[in-house]
Amino acid sequence: MGAGAYLGGHLSYARGVGVDQTIYDAGSDDWQPAISAAQLADGVPERVIVDETPVLVVRRGEEIFAVHDRCSHRGCSLSVGKLEGDEIECACHGSRFSLRDGALRRGPATAPQPAFEARVRGETVELRRLNPVPASA
Ligand code: FES
């Protein structure tokens, strides 16, 4: 038990591993209106609030990607990060995430970003969370 306490303390205080900043508002499992499709310029990330959750939305050609905007590492806004291919790099400490599914590609973050499916209905981009949170969570 002492080793576990030491390891937890070391990870928290020496290595700076913290709480996943997206855990309390992972996003809606139901389709929600997010932004006008006309507002999405190709390759320009936009920050929107969807059902009280900040979401980065970006158009890449014919595809629209969306991930939670609050970096899981320390909470910086990913929408001001650097877009490279299908990845976003956090401007604060350089973590990289896939825009396709929120997968962690490079730390210091240790958790992926919640990701969203996107569809266009009329003139509106709608989002819903990929991999919905189980009801027991
Ligand atoms: S807040 Fe994003 S990498 Fe640290």
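This report walks through a sheet, a histidine contact and a surface patch in a predicted model.

**The sheet**

Let's start with the strands. Four of them make up an open sheet, ordered β5-β6-β7-β8, with antiparallel pairing. The edge positions belong to β5 and β8 (104-106); each has a single partner strand, so one side of each is left without a neighbour in the sheet. From one strand to the next, the twist averages 30°. Within this sheet, β6 (residues 87-89) and β7 (residues 96-98) run antiparallel and are joined by three bridges.

**A histidine pair**

His 73 has a relative accessible area of 12%, and because the cut-off for buried is under 20%, His 73 counts as buried.

**A nonpolar patch**

Now to the surface, where Val 19, Ile 23 and Tyr 24 form a nonpolar patch; together they have about 400 Å² of accessible area. Ile 23 belongs to the loop between α1 (2-14) and β1 (32-36). With a relative accessibility of 52%, Ile 23 is classed as exposed, since the cut-off for that class is over 50%.

| Residue | Relative accessible area | Class |
|---|---|---|
| His 73 | 12% | buried |
| Ile 23 | 52% | exposed |

Key. Residues numbered from 1 in each chain as written. Predicted model: local features only at pLDDT ≥ 70, side-chain atom pairs only at ≥ 80, totals over all residues. Heavy atoms only, no water. Buried < 20%, exposed > 50% of the residue type's maximum accessible area, 1.4 Å probe, protein only. Pairing = 2+ DSSP bridges. Helix = DSSP H or I, 4+ residues; strand = E, 2+ residues; numbered from the N terminus. Axes fitted to C-alpha atoms, helices over the stretch in contact; angles between N-to-C directions. Patch = residues over 30% accessible without salt bridge, like charges linked within 9 Å, V, L, I, M, F, W, Y side chains within 5 Å. Areas by Shrake-Rupley, 256 points an atom, 1.4 Å probe, with all protein chains shown as cover. Salt bridge = Lys/Arg side-chain N within 4 Å of Asp/Glu carboxyl O.
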